[in-house]
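Hello,

Here is the structure I promised to pass on. Please open it first, then read my notes below.

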Amino acid sequence: VMQKTAPPLANGIAPEFELMTFEGTALRLSELRGKPIVLNFWASWCLPCREEAPYLQAAWEKYRAQGLMVIGVDYVDTEAEAKKYLAEFKITYPNGPDIGTRISKLYRITGVPETYFITREGKILSGMDAQSRAYGNWIGPIPPAALQARIEKLLASE
């Protein structure tokens, strides 16, 4: 069943996860406390993901100096195709495969792309925007304005 409303995880503590990046670095959410995080679920075969890929990379380049982390979780994909996609979009933020779809299940994603916004204290960004969409989660390709609004909120939150 596709959820049309904000999913159950539009608030509260972001579930702990560990991601082994394609470069071989282990990223653990709890070790990233103090950094606001954009957590993006994507796949090389996902056409709408291609739409937002340049925006995510641009946001990373613009805000990383302010401490923002962007993390890509590659969903049901092959490593070769995933790496080709990352090279095509010149993506430099950390990405890794979601082995056994463990992370996707924790975050109850409805499909790809889907993005979560996690505060410095490891909580899902709370509240709703003017269009009554949860700040903490975006289902589908995120428009640049919505992405920027959420990042600005993340950076402003203590």
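Five strands form an open sheet in the order β5-β4-β3-β6-β7, with mixed pairing. Strands here are DSSP runs (E, at least two residues), helices are runs of H or I with at least four, and both are numbered from the N terminus. Two strands pair if DSSP finds at least two bridges between them. β5 (95–97) and β7 (137–139) stand at the edges with a single partner strand each, so one side of each has no neighbour in the sheet. From one strand to the next, the twist averages 15°.

This is a predicted model: local features need pLDDT of at least 70 and side-chain atom pairs count only at pLDDT 80 or more, while totals for chains, interfaces and linings use all residues. Residues are numbered from 1 along each chain as its sequence is written, and side-chain values use heavy atoms, leaving out hydrogens and water.

β3 and β4 pair in the parallel sense over six bridges. Ile-37 has Met-69 in β4 as its bridge partner.

Which residues does Leu-39 touch? Leaving out residues up to four places away in sequence, Leu-39 touches Phe-17, Ile-71, Val-73, Tyr-107, Glu-114, Thr-115, Tyr-116 and Ile-118.

Best wishes

Conventions
Contact means heavy atoms within 4.5 Å. Axes are lines fitted to C-alpha atoms, for helices over the stretch in contact, and angles run from 0 to 180 degrees between N-to-C directions.
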